Amino acid sequence: MLKDEKPFYIIIKNQIREAIIRGEYPFGSRLPSVRELSAEFGCSLITTKRVYRDLAREGYILTSQGVGTFVYADEHKIAKDREHLITEAIVQAVEFGNRLNYSSDQLQVIFLNALSRLP
């Protein structure tokens, strides 16, 4: 079964959002210009403008004409979004386990074993 491919601007937007959430771009830090981002990803200016427009609407960035684009998401939003990303990943893992016919109890044991291997 083939999955639908996401539009390229969504892929770029998700990468930037996750970099912000991971702390690669802390609050107030300057992001690449639209032109720099376009060159980095090999896409059109229209695509990068759409990425930044969407991230601004979602409360992650703020663009000031002639000044630049900066991370605007506060710690509360970042913490909430981190939890959301982790929850999504766990749900996907559980769904995959269900497709492999694992019970909830079996998945819980696997999850706890995986946690015990972390430093």
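Tutor: A salt bridge is a side-chain nitrogen of Lys or Arg within 4 Å of a carboxyl oxygen of Asp or Glu. Keep in mind that the model here is predicted.

Student: Why is the contact of E58 with K13 called a salt bridge?

Tutor: The closest N and O atoms of E58 and K13 are 2.9 Å apart. The cut-off is 4 Å, so the pair counts as a salt bridge. E58 lies in the loop between α3 and β2 and K13 in helix α1, 45 residues apart, so the pair links distant parts of the chain.

Student: What makes D54 and K13 a salt bridge?

Tutor: Their side chains meet at 3.9 Å, N to O, and the limit is 4 Å, so this pair counts as well.

Student: What about the pair R30 and E36?

Tutor: The side chains of R30 and E36 form a salt bridge at 3.8 Å, N to O. R30, at 44% relative accessibility, is partly exposed, and E36, at 42%, is partly exposed.

Student: How many salt bridges does the structure hold, and which residues are joined into one network?

Tutor: There are seven salt bridges. Those that share partners join K13, R17, R53, D54 and E58 into one network.

Student: What makes β1 and β3 a pair of strands?

Tutor: Pairing needs at least two bridges. Strand β1 (residues 30-31) and strand β3 (residues 68-71) have two, in the antiparallel sense, so they pair. One of the bridge partners is T69 in β3, which faces L31. Strand β2 (residues 61-64) is joined to β3 by four bridges, also antiparallel, so that pair passes as well. There, L62 has F70 of β3 as its bridge partner.

Student: Why are β1 and β2 called edge strands?

Tutor: The open sheet of three strands has the order β1-β3-β2. β1 and β2 each pair on one side only, which makes them the edges.

Student: How do you know that the length of helix α4 agrees with its number of residues?

Tutor: Helix α4 covers residues 75-99, which is 25 residues. At 1.5 Å a residue it should span 36 Å, and its end C-alpha atoms are 36 Å apart, so the two agree. The buried residues of α4 are I78, D81 and G97, and they pack against α1 (8-22) and α5 (104-116).

Student: What makes the protein chain more spread out than a compact globule?

Tutor: The chain has five helices and three strands, in the pattern α-β-α-α-β-β-α-α. Its radius of gyration is 18 Å, while the globule rule gives 14 Å for 119 residues. The value is well over the rule, so the chain is more spread out than a compact globule. Its C-alpha atoms fill a box of roughly 55 × 35 × 25 Å along the principal axes.

Student: What share of the residues counts as buried?

Tutor: Of the 119 residues, 27% count as buried.

Key
Residues numbered from 1 in each chain as written. Predicted model: local features only at pLDDT ≥ 70, side-chain atom pairs only at ≥ 80, totals over all residues. Heavy atoms only, no water. Expected span 1.5 Å × (residues − 1). Buried < 20%, exposed > 50% of the residue type's maximum accessible area, 1.4 Å probe, protein only. Contact = heavy atoms within 4.5 Å. Rg over C-alpha atoms; globule rule 2.2 N^0.38 Å.
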